[in-house]
Amino acid sequence: MLVHFNLARRAFWVSAMALTVGITACQLPASRPPSAASPPAGSADPVVVLNGAGATFPAPLYQRWFSEYSQRHPEVRPSYQPIGSDAGVQQFVTGTVDFGASDVGMTSEEVAQVKRGVLFVPMTAGSIVLGYNLPDVKQGLKLSREAYTGIFLGEITNWNDPKIAQTNPGVGLPNQAINVVYRADGSGTTAIFTQHLSAINPRWENGPSSGTSIEWPVGTGTKGNEGVTAQILLTEGAIGYIEYVYAKQNKIATAALENRAGSYIEANPESTTKALAEVELPDSFLGFVPDPEGAQSYPIVTYTWLLAYQKYDDPEKAKALANLLKWGLTEGQKYSEELGYIPLSPALVTRVEAAVEKLTQ
């Protein structure tokens, strides 16, 4: 079904800081907005500065893209601040950035505030995984829909609970408390995850419900996919929801989740691609599938969107952004697959390129 929605102690502190550095090292560093639009050394061409901010879900890819692109096109200097979908949308609405990024697009009320118009540009896709920290269970954990919803509802509080044990025969589940980790900031990752929980369990739909920010029944909150990643790595017994690439880069164990067909599926490019095949993006390019069908489909997937204005006061900036986006949609897609995201289909790329071309008209 395709839907649309509007969406410590000093020693610990030192360890956390060291870990944060380690996680950052797994990605390219967040690019900083340039202080001035001065040309690079040896170049006579003026520099077009493109500042963006938003979702942490695609941040490793965007940072890779912008680094590669600026090496090929030194006359364009793009930067990206991964501050979360909500904050990115807010900056986009107020016009303090040249582009935003969100895993859930924008609400109709937010779109109405943007007098220059909004173009939603799907750039890549991926999955949201449940990463966990159990030293004696490195991989292979299976979680039923009842189990993982129960964990985040605070109804299942121990790792050897019968509802977990029954789907993991022979696995040495510890008699240990479950430490839930969630996003404390306004997050598209949260919106996608909670939309899925609402779709599969009425207790969640009628309780915490879905959104970029919700009242979590249990757990510890932190900011960004990188924050949840760090907390999982630091906390034995932890479980949290993160984008697949963060788990892959940081070697975090992830659970196989029961899908709509009753199969236990691990997140990987194949299972995510099968799930995304159900999403037929409309003319707006915004579309979601909260509980995909298919025996081999991973159950929590999404596209992620770059937010562009339909009109720019500076035609050179519009041209530079259009060229950057077209590069990301074509040559840049190879980095999607390399990092662990899902490249866009050729048919979708053709559609989106045509929309991006209008930025220069």
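1. **Basis.** Residues are numbered from 1 along each chain as its sequence is written, and side-chain values use heavy atoms, without hydrogens or water. In this predicted model, local features need pLDDT of at least 70 and side-chain atom pairs pLDDT 80 or more, while totals for chains, interfaces and linings use all residues.

2. **Overall.** The protein chain has 14 helices and 12 strands. These are DSSP runs numbered from the N terminus (helices: H or I, at least four residues; strands: E, at least two). Of the 361 residues, 57% are buried (under 20% relative accessible area, 1.4 Å probe, protein chains only). The chain exposes about 15,200 Å² (Shrake-Rupley method, 1.4 Å probe). Carbon and sulfur atoms supply 50% of that area.

3. **Second largest cavity.** The second largest cavity holds about 50 Å³ of space. A cavity is a set of points on a 1 Å grid over the protein atoms alone where a 1.4 Å probe fits but cannot get out; lining residues have an atom within 4 Å of a point. The volume is the space filled by probe spheres set on the points.

4. **Its lining.** Tyr62, Trp65, Phe66, Met123, Leu306, Leu324, Leu325, Trp327 and Gly328 form the lining. H12 gives the largest share, four residues. By class, eight are nonpolar, one is polar and none is charged. Ala, Val, Leu, Ile, Met, Phe, Trp, Tyr, Cys and Pro count as nonpolar, Asp, Glu, Lys and Arg as charged, and the others, Gly among them, as polar.

5. **Phe66 and Phe99.** The whole structure has 20 aromatic pairs (ring centres of Phe, Tyr or the six-membered ring of Trp within 6.5 Å; edge-to-face means planes over 60 degrees apart). Phe66 and Phe99 pair edge-to-face, at 5.9 Å centre to centre and 80 degrees between the planes. Phe66 sits in helix H2 and Phe99 in strand S3 (residues 99-102), 33 residues apart. Phe66 is buried at 5% relative accessible area; Phe99 is buried at 0%.

6. **Phe152 and Phe193.** This pair is also edge-to-face: 5.0 Å centre to centre, 75 degrees between the planes. Phe152 lies in helix H5 (residues 145-153) and Phe193 in helix H7 (residues 188-200), so the pair ties together parts 41 residues apart in sequence. Phe152 is buried at 0% relative accessibility, and Phe193 is buried at 0%.

Definitions and conventions
1 Å grid on protein atoms, 1.4 Å probe; cavity = no way out; pocket = protein on both sides within 12 Å on 5 of 7 lines; lining within 4 Å. Buried < 20%, exposed > 50% of the residue type's maximum accessible area, 1.4 Å probe, protein only. Phe/Tyr/Trp six-rings, centres within 6.5 Å; stacked < 30°, edge-to-face > 60°.
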